[in-house]
Amino acid sequence: QVLDKIAGVYKGKIRDIKLAGKMQQAVKYSRTIEELNRYKKNYPEYISLLPKTDQKSIDSLIAVTEVSLYITQTGKAAPAFSTEDSSGKVYQLSSYKGRVVYLDLWASWCAPCRHETPFLKTLVEKYKNDSNIVFISVAVLDKYKNWKEALAADRPTWLQLFDKNTEVQNAYVAN
């Protein structure tokens, strides 16, 4: 509906900028293959209204997003990563092969993420004696100083890692 409105109300370069921007934003922030497939099905008529460079840009973004989402879809092996805790010790996801890994991606500025902490504490406490499960939280899209302050305030009891090189963010499409 939004694309219909943009295509019907705006003209020329403004229409192109608005259409391309709206489609790029939606594709970039797709959370599932199913969501992306809906865009792929519904976008061709709008993409055809754009200049060739914008068409190629959106097609390329769809292809890149599709690859990322296929890697992280349900039922696939989790993408590997290696990152540090607050003391500089490096942890690799592969070290936990054969165990259930509860992976929590969060940021100090994310209110819903911070709101989950007490619930995660309860879950961690419930399974603390089960060696088959490990809890790992990774701060993505965050500032190191803010992350350290959040850890001091929230005092989580499970492994906390910081994604300083955006490896986890990129691997898990954490936008």
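Modeller: By class, eight nonpolar, two polar and two charged residues line the second largest pocket. This is a predicted model: local features need pLDDT of at least 70, side-chain atom pairs count only at pLDDT 80 or more, and totals for chains, interfaces and linings use all residues. Residues are numbered from 1 along each chain as its sequence is written, and side-chain values use heavy atoms, without hydrogens and water.

Biologist: Which residues join in a disulfide, and what is the S to S distance?

Modeller: A disulfide is a covalent bond between the sulfur atoms of two cysteines. Here the cut-off for the sulfur pair is within 2.5 Å. The structure holds one. The pair is Cys 110 and Cys 113, with S to S 2.4 Å.

Biologist: Are Cys 110 and Cys 113 buried or exposed?

Modeller: Buried means under 20% relative accessible area, exposed over 50%, partly exposed in between (1.4 Å probe, protein chains only). Both Cys 110 and Cys 113 are buried.

Biologist: Which residues does Tyr 43 touch?

Modeller: Contact means heavy atoms within 4.5 Å. Residues up to four places away in sequence are not counted. That leaves Leu 3, Lys 22, Met 23, Ala 26 and Val 27.

Key
Nonpolar A, V, L, I, M, F, W, Y, C, P; charged D, E, K, R; others polar.
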